[in-house]
Amino acid sequence: MSLNGVLGRALAPRESGFAAHQVGVDRLLASYRAIPIDANVRLAKKTSNLFRARAKSDAPGLDVSGLTGVIAVDADAKTADVAGMCTYEDLVAATLPYGLAPLVVPQLKTITLGGAVTGLGIESSSFRNGLPHESVLEIDVLTGAGEIVTATPTNEHAELFRGFPNSYGTLGYSTRLKIELESVPPFVALRHLRFNDVRELETTMDRIVAQRSHAGERVDYLDGVVFSATEAYLTLGRQTDEPGPVSDYTGMDIYYRSIQERETDRLTIHDYLWRWDTDWFWCSRAFGAQHPQIRRVWPKPLRRSSFYWKLIALDHRYGIADFIEARKGNPPRERVVQDIEVPIERTADFLDWFLREIPIEPIWLCPLRLRDPAPVPGPRPWPLYPLEPGRTYVNIGFWSSVPVQPGAPTGAANRAIEREVSALDGHKSLYSDAFYDADEFAALYGGEHYDALKRTYDPSSRLLDLYAKAVQRK
């Protein structure tokens with residue numbers, strides 16, 4: 001066979017992937033044109049990882065059914081072209097056979113790549129790899145003007161590239177993203193370090209982030225869990241190709257409980273990336289899925305975050321939890337499902353306040369730093385979520401509810417959290433309930449920079465603006 005014939009066969013899958021992707025893009029554009037000019041544009045999709053309610057709409061949504069897969073993987077260049085609605089579950093399944101993975105893999109399988117970029121994402125590699133949008137090389141965006149533009153860090157749409165992260169679909173929707181990948185070996189070796197004081201944990205975490213090692217051993221992944229003011233853990237992960245026995249937390253054993261029970265552990269890289277999904281961190285306990293007798297009969301394919309989210313959606317629709325609380329004579333509960341970031345030196349301050357004021361545990365910790373050197377120029381290169389380059393932050397996640405206090409304003413606990421986070425020079429993710437007034441919101445999330453992008457890429461306001469979507473729940 002000729003060299004041209006060999007190259008033709010090698011290129012065929014890539015060409016086929018892009019051809020199929022173009023069919024999906026054409027379908028998307030047709031659905032955009034079918035939406036009435038006076039109706040807000042939204043995605044027509046069945047799943048979501050958002051926890052804020054939004055107003056109902058009778059208008060047809062954008063058809064993204066053809067934008068759900070991996071278009072092509074270039075193993076030599078360590079890059080992948082990925083459709084915007086591709087889930088990380090499918091993305092990881094496509095890259096791991098090459099010994100590659102995205103630089104940051106958010107914890108839940110049904111998070112989409114486009115969602116993690118426009119809505120932010122994080123995981124235990126973020127102290128060395130930053131946030132998912134920082135490994136994007138270029139992005140195709142369907143803008144509010146109905147045009148698809150390709151944005152890169154240096155082309156004529158560079159400002160859209162910088163402003164797209166944390167825009168939550170208010171500047172447009174990604175149809176294709178080209179991302180960096182990194183090599184990963186088959187296993188991850190874990191160490192769980194216990195701390196009886198969160199300030200000691202803060203100091204140790206800061207040192208590990210700076211040195212990327214602990215006790216002479218390299219650290220490739222780093223996160224933590226706070227069970228109480230006197231029981232907290234850091235989990236240190238090291239990539240390894242050394243063979244050996246591995247644990248399985250997709251069955252009767254529960255990953256977050258293992259942190260309290262053992263000092264070392266080993267997982268396959270696949271199971272490490274999805275270690276939190278089986279029990280939605282620890283939130284599966286709300287459905288009884290951690291009770292041994294219930295867990296034994298709970299279908300294994302339904303031990304995953306996407307199924308628990310469906311149960312939550314049913315509760316939101318029918319008020320099941322509030323009904324049960326009322327039958328018990330208890331007050332309704334306020335949902336407190338949030339991820340916030342504070343500078344690492346304020347981590348213990350926030351935890352002390354939170355553990356004293358908000359009765360929720362456990363709490364997840366995940367340190368992060370913007371990548372160095374930054375992929376795009378500027379003192380704060382991502383203006384809609386302006387973390388400082390060269391500074392370490394800690395993502396603190398807490399996901400539960402608290403009793404509503406008599407006479408308290410709507411969202412009292414969430415409002416208190418917002419005040420504390422701002423006082424500590426932090427930021428709050430916008431995937432859940434927010435209560436900021438318009439001026440404070442603008443100061444925190446892009447302000448005039450966002451307004452300028454909105455005028456350029458959505459001049460007719462076909463898409464909701466960020467404040468209307470994130471705070472006013474439109």
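Which helix is the place of Ile-320? Select that residue and you'll land in helix 11, residues 320-327 (helices are DSSP runs of H or I with at least four residues, strands are E runs of at least two, and both are numbered from the N terminus).

Before you click on: this is a predicted model, where local features need pLDDT of at least 70, side-chain atom pairs count only at pLDDT 80 or more, and totals for chains, interfaces and linings use all residues. Residues are numbered from 1 along each chain as its sequence is written, and side-chain values use heavy atoms, with hydrogens and water left out.

**Stop 1**

Ile-320 has a relative accessible area of 40%, so it is partly exposed. Buried means under 20%, exposed means over 50%, and partly exposed is in between (1.4 Å probe, protein chains only).

**Stop 2**

Now pick Ser-305 in helix 10, residues 305-318. Ser-305 is buried because its relative accessibility is 2%. Show side chains and look for the 2.6 Å polar contact between Ser-305 and Asp-277. A polar contact is a pair of N or O atoms within 3.5 Å; within protein, one must be able to donate a hydrogen and the other to accept it, and residues adjacent in sequence count only if both atoms are side-chain atoms.

Leaving aside neighbours within four places in sequence, Ser-305 is in contact with Leu-108, Lys-109, Asp-277 and Trp-280 (contact means heavy atoms within 4.5 Å). Click on Trp-280 next, in the loop between helix 8 (269-273) and helix 9 (292-297). Its phi is positive, near 50 degrees, though this residue is not a glycine. Trp-280 is buried too, at 7% relative accessible area.

**Stop 3**

Gly-114 sits in helix 3, residues 113-118, and is buried at 4% relative accessibility. Not counting residues up to four places away in sequence, Gly-114 touches Gly-84, Ser-174 and Leu-177.

Tyr-168 belongs to the loop between helix 5 (158-163) and strand 8 (172-183). Tyr-168 has a positive phi of about 50 degrees without being a glycine, and is buried at 7% relative accessibility.

**Stop 2: helix 6**

Why does the length of helix 6 agree with expectation? At 1.5 Å a residue, its 14 residues (198-211) should span 20 Å, and the end C-alpha atoms are 20 Å apart; the expected span is 1.5 Å times one less than the number of residues. At the start of helix 6, an Asp-197 side-chain oxygen comes within 2.9 Å of the backbone nitrogen of Arg-199. Buried residues in this helix include Leu-201, Met-205 and Ile-208.

**Last stop: a cis peptide**

Finish at Glu-361 and Pro-362, joined by a cis peptide bond with omega about -5 degrees. Pro-362 is in the loop between helix 12 (347-357) and strand 16 (363-368).
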